[in-house]
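I opened this structure to look up a few things and note them down. The entries follow the order in which I checked them.

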Amino acid sequence: CMQIFIDTADLNEIREAYSWGIVDGVTTNPSLIKKAVDRRPGLSMRDYIRDICRSVEGPVSLEVKGVSTEQMVQEAEMLYERFNPVNGNVVVKVPVCTAMEDGQPLFEGIRAIKTLEGRGIPTNATLVMTAEQALMAAKAGATYASPFLGRVDDYLRTKLDIAFDKSDYYDPLCARHLEEQTWEEEASGAELYDRLMRSDISDNGIYSGVDLVDSIVTIYDAYGFDTQVIAASVRNARQAREVAEMGVDIATLPYHVIEDMLTHPKTLEGMQLFTRDVVPEYEELFE
Ligand code: E4P
């Protein structure tokens with residue numbers, strides 16, 4: 001069954017969501033930690049992380065901050081030695097590629113994942129935006145790979161100049177439809193091909209973040225990789241459903257997305273009606 005991780009570093013959210021009985025792990029990143037710290041100035045980060053680890057019986061991803069293989073391996077060992085003894089559930093998040101500018105080394109993350117695999121430290125390859133990156137993370141022996149599907153949607157929509165809110169669902173079928181329309185235009189094959197290539201509706205053949213997850217699941221299944229796919233950067237319930245349909249191993253979800261997965265206006269209305277219709281004869285049953 002698809003596991004659900006909660007994508008937050010907020011201890012209250014983690015504890016509450018874990019009490020629902022359907023949460024299997026936690027993912028954090030430096031931005032989520034920053035949000036949590038902003039809410040609780042002065043907290044002891046070490047105690048706080050220990051509390052997070054204690055709060056769940058499932059993997060807790062903690063991210064390194066360095067950019068070279070050496071730094072990341074050292075930080076990963078530090079995180080693992082310091083926090084894994086608390087509850088035996090630490091996974092170290094390593095960016096799949098740490099380059100921030102052209103010309104910077106590209107394979108530091110992959111090398112770090114490979115080294116950590118050799119040392120028995122579980123890793124979560126993060127900032128995965130392409131299936132090619134996911135393939136390399138799996139070859140390096142990552143325990144998990146996290147495609148950031150929401151950010152891929154943001155990238156595509158920005159490229160196409162589409163206005164959006166962060167939580168809006170992005171429909172790849174619309175993008176494909178736009179392509180089909182181009183085919184219906186009167187033009188020579190060469191002109192159409194040229195126009196399509198320039199219109200660049202996809203990200204190198206990937207039409208949405210959900211499409212990216214599908215591609216990674218297909219590749220991992222084709223070769224029987226052990227690396228588990230964590231659909232990350234999920235922004236709405238529909239995306240969670242669509243990655244579940246393709247049998248993704250895990251979806252890491254913000255608190256509000258998990259809530260949205262349980263609500264529907266007709267469920268709410270149904271509750272109001274059922275509650276209103278409870279007759280005294282039925283009440284008696286429960287006395
Ligand atoms: C989890 O592993 C990721 O860090 C997280 O899902 C990123 O989400 P965002 O793109 O909404 O920041």
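**Helix α10**

I began with helix α10, which covers residues 209-223, 15 residues in total. From its first C-alpha to its last it reaches 22 Å, close to the 21 Å expected at 1.5 Å a residue. I kept in mind that this is a predicted model.

Next I looked up which residues of α10 are buried. I found Gly209, Val210, Asp211, Leu212, Val213, Ile216, Val217 and Tyr220.

I then checked both ends. Just after the helix, glycine 224 has a positive phi of about 65°.

**The ligand**

Which residues are around the ligand? I listed Asp7, Thr27, Asn29, Lys93, Phe148, Arg151, Lys166, Ala232, Ser233 and Arg235.

I looked up polar side-chain atoms for three of these residues. Aspartate 7 places one 2.5 Å from an oxygen atom of the ligand. For asparagine 29, the distance from such an atom to a ligand oxygen is 2.7 Å. For arginine 235, it is 3.2 Å. On its own the ligand has 340 Å² of accessible area, and the protein covers 89% of that.

**Cysteines**

How many disulfides does the structure hold? I found zero. Cysteine 1 is exposed, because its relative accessible area of 99% is over 50%. Cysteine 97 is at 27%, between the cut-offs of 20% and 50%, so I noted cysteine 97 as partly exposed.

Definitions and conventions:
Residues numbered from 1 in each chain as written. Predicted model: local features only at pLDDT ≥ 70, side-chain atom pairs only at ≥ 80, totals over all residues. Heavy atoms only, no water. Disulfide = S-S within 2.5 Å. Buried < 20%, exposed > 50% of the residue type's maximum accessible area, 1.4 Å probe, protein only. Helix = DSSP H or I, 4+ residues; strand = E, 2+ residues; numbered from the N terminus. Expected span 1.5 Å × (residues − 1). Near = heavy atom within 4 Å. Polar contact = N/O pair within 3.5 Å; in protein donor to acceptor, adjacent residues only side chain to side chain. Areas by Shrake-Rupley, 256 points an atom, 1.4 Å probe, with all protein chains shown as cover.
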